[in-house]
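Hi,

Here is the structure I promised to pass on.

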Amino acid sequence: MHELGITQNIVAIVTEHAKGMKVQKVVLEIGKLSAIMPDAIKFCFDICSKGTLLENSLLEIIEIPGLAKCRQCGAEIALDKPFGVCQCGSVQLDLITGEELKIKEIEIEEICV
């Protein structure tokens, strides 16, 4: 399960950017064509965040659909796999979206004194 290593990296990156402040929420974008399972990331997140600034924080995952542009006719087509066939019959497709893995947002606890 490569999601464990990915999640460990996410926790490390968020921890570095939180600069010692408690993290309330992390928003990820995961493309449907990325071969990363959002449910596995959620499971691993609870384990990897224990004892860190992210412990008990909310993890929100936004799934990005697959989209490609045909090199032959220029049409954009939705994909549910990393390959497909355009309406014009061409298989020469350039992926536009669907392979993302981004930390989109980090919400940290603001301490007022």
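A definition to start with: buried means under 20% relative accessible area, exposed means over 50%, and partly exposed is anything in between (1.4 Å probe, protein chains only). By that cut-off S57 is buried, because its relative accessible area is 10%.

Before the rest, the ground rules. This is a predicted model, so local features need pLDDT of at least 70 and side-chain atom pairs count only at pLDDT 80 or more, while totals for chains, interfaces and linings use all residues. Residues are numbered from 1 along each chain as its sequence is written, and side-chain values use heavy atoms, with hydrogens and water left out.

**S57**

S57 sits in the loop between α2 (38–49) and β2. Helices (H or I, at least four residues) and strands (E, at least two) are DSSP runs, numbered from the N terminus. A polar atom of the S57 side chain is 2.6 Å from the backbone oxygen of L54. For contacts I use heavy atoms within 4.5 Å. Not counting residues up to four places away in sequence, S57 touches V23, Q24, K25 and F45.

**The cysteines**

The UniProt annotation "binding site", from an unreviewed entry, covers C70, C73, C86 and C88. These four span 19 residues in sequence, yet no two of their C-alpha atoms are more than 8.7 Å apart, so they gather at one spot. UniProt positions are given in the numbering used here, feature names are shortened, and annotations may be inferred rather than shown by experiment.

C70 belongs to strand β3 (residues 66–70) and is buried, at 2% relative accessible area. Leaving aside neighbours within four places in sequence, C70 is in contact with A75, C86, C88, S90, Q92 and L93. C86 is placed in the loop between β4 (76–79) and β5 (93–97) and is also buried, with a relative accessible area of 4%. With residues up to four places away in sequence not counted, C86 touches C70, C73, A75, I77 and L93.

C44 counts as buried, at 3% relative accessibility.

**Salt bridges**

Side chains of opposite charge can pair when their charged atoms come close. Searching the whole structure turns up four salt bridges; the criterion is a side-chain nitrogen of Lys or Arg within 4 Å of a carboxyl oxygen of Asp or Glu.

- E60 and K25 meet through their side chains at 3.1 Å, N to O. E60 lies in strand β2 (residues 58–64) and K25 in strand β1 (residues 23–31), so this pair ties together parts that are 35 residues apart in sequence. E60 counts as partly exposed, at 31% relative accessibility.
- K104 pairs with E29, and their closest N and O atoms are 3.6 Å apart. The pair links distant parts of the chain, with K104 in strand β6 and E29 in strand β1, 75 residues apart. K104 is exposed, with a relative accessible area of 52%, whereas E29 counts as buried at 12% relative accessibility. E29, K102 and K104 are linked in a network of salt bridges.
- D94 forms a salt bridge with R71, with the closest N and O atoms 2.8 Å apart. D94 lies in strand β5 and R71 in the loop between β3 and β4, so the pair ties together parts that are 23 residues apart in sequence. D94 is partly exposed, at 34% relative accessible area, and R71 is exposed, at 53%.

**E109**

One last residue. E109 lies in the segment after β6 (101–108) and counts as partly exposed, at 31% relative accessibility. E109 and K22 are 87 residues apart in sequence but 5.4 Å apart in space, C-alpha to C-alpha. Apart from residues up to four places away in sequence, E109 touches M21, K22 and Q24.

The E109 side chain also makes a polar contact with the side chain of Q24, at 3.3 Å. A polar contact here is a pair of N or O atoms within 3.5 Å; within protein, one must be able to donate a hydrogen and the other to accept it, and residues adjacent in sequence count only if both atoms are side-chain atoms.

Cheers
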